[in-house]
Amino acid sequence: MQNIHSVSKHEQIVLGIINAIDTKILKIGDKLPSINEMVADVGYARKTFVKAYNELKDRGLVESKSLKGYYIISDKTNVTVRVALVLFAFHSFQEDFYNTFRKELGAKYHIDIFFHHNNVSLLKTILQNISRKYGMYIVAPIQQIEVAGMLKKIAADKLLLVDRYLKMPKEYSYIAQEFEEVTYQKLVELKDNIQKHDRFVLFYKEKSDYPSDILKAFNRFVNEYQINAEVVQSYEPNTLKRNSVYFSISDTQLWKVLKDARNMEYRLGKDIGILAHDDNIIKEIAFGGISTISTDFTYMAKKAALFVKEKHPIQEIVPTYLRQRNSL
């Protein structure tokens, strides 16, 4: 291996293997020499080869298989770090997160995106399949104790939890929302507008990816202020009632309500009220604007990208905003 004085020893190893991949000397599926073999052949310290192989793993070029060694798994040598992004589903607000995250990282970071759909078994399978294949892991966790056990298998400096808070050992990083207290406080801010109507309806589906703390906040609010309220699984077409406020977590439910409101010629903010969770540009402009309770997913994505690039630990609950518009 050529000794280049301006490049550190571990970088020489990394560049040598990258060059071997680029020139087709090494191909996907090929096994690399073990660290012990490299120490014997080249003469560098063991920790130098460990650092070099770990960097190749972070770039997504090499995978370590337990008791079998190190193997080439990619020929995309222009990638600095391979990132696994694991989300609930591709909702509009998570699309905003992804687009910002992608833009902030730039072309040298390769992102693979996975969706667990709030299914613990599916999340477990995803984590098993991507284990030791990525340099960084950005995961929106399901808020269950067993999920914490799965995520602890990823080194703390390679894992960032986003969107939902999950209790983990203190060395793990997160950028998350808080749902119960902030939702309650925002509903209190809207109390006078809500009380102008006869009832307050929340669409909440059990065993979904809806945050359960939103339901807790809703129940706390309506009980404390003695508001006539109802929780229903989903909106049934043609059941819209005048003098009601509808609170939707899911965009699917929201569009159904808005379609009927248009067909029945109900005026938003007058005949009925509409409140939605998670803001996006469509809610900003549709029907003169839909009132939302939402965090800033662009801010969250920028923070996540910074974590990937700099690897500085972060533990932050991001602010939640009430954007009051024409619909309430």
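Contact here means heavy atoms within 4.5 Å, and helices (H or I, at least four residues) and strands (E, at least two) are DSSP runs, numbered from the N terminus. This is a predicted model, in which local features need pLDDT of at least 70, side-chain atom pairs count only at pLDDT 80 or more, and totals for chains, interfaces and linings use all residues. Residues are numbered from 1 along each chain as its sequence is written, and side-chain values use heavy atoms, with hydrogens and water left out.

1. Let's start with helix 7 and helix 9. From helix 7, Glu180, Glu181, Thr183, Tyr184, Leu187 and Val188 meet Asp213, Ile214, Lys216, Ala217, Phe218, Arg220, Phe221 and Glu224 of helix 9. Sorted by class, this contact has seven nonpolar, one polar and six charged residues. (Ala, Val, Leu, Ile, Met, Phe, Trp, Tyr, Cys and Pro count as nonpolar, Asp, Glu, Lys and Arg as charged, and the others, Gly among them, as polar.)

2. Now the geometry of that pair. The axes of helix 7 (residues 180–189) and helix 9 (residues 212–224) come within 8 Å and cross at roughly 40°, which makes helix 7 oblique to helix 9. Axes are lines fitted to C-alpha atoms, for helices over the stretch in contact, and angles run from 0 to 180 degrees between N-to-C directions. Angles under 35 degrees count as roughly parallel, over 145 as roughly antiparallel, 65 to 115 as roughly perpendicular and the rest as oblique.

3. Helix 4 and helix 12 are worth a look too. Between helix 4 (residues 92–105) and helix 12 (residues 297–310), the axes come within 8 Å and cross at roughly 40°, so helix 4 is oblique to helix 12. The class count for their contact is ten nonpolar, two polar and three charged residues.

4. Next, helix 2 and helix 3. The axes of helix 2 (residues 35–42) and helix 3 (residues 46–58) come within 9 Å, crossing at roughly 125°; helix 2 is therefore oblique to helix 3. Helix 2 contributes Ile35, Asn36, Met38, Val39 and Val42 to the contact, and helix 3 contributes Arg46, Phe49, Val50 and Tyr53. By class, that gives seven nonpolar, one polar and one charged residues.

5. Finally, a loop residue. Ser250 sits in the loop between strand 10 (244–248) and helix 10 (251–263). Is Ser250 buried or exposed? With a relative accessible area of 14%, Ser250 is buried (under 20%; exposed is over 50%, partly exposed in between, with a 1.4 Å probe and protein chains only). Its side chain reaches the backbone nitrogen of Thr252 at 3.1 Å.

Conventions. Polar contact = N/O pair within 3.5 Å; in protein donor to acceptor, adjacent residues only side chain to side chain.
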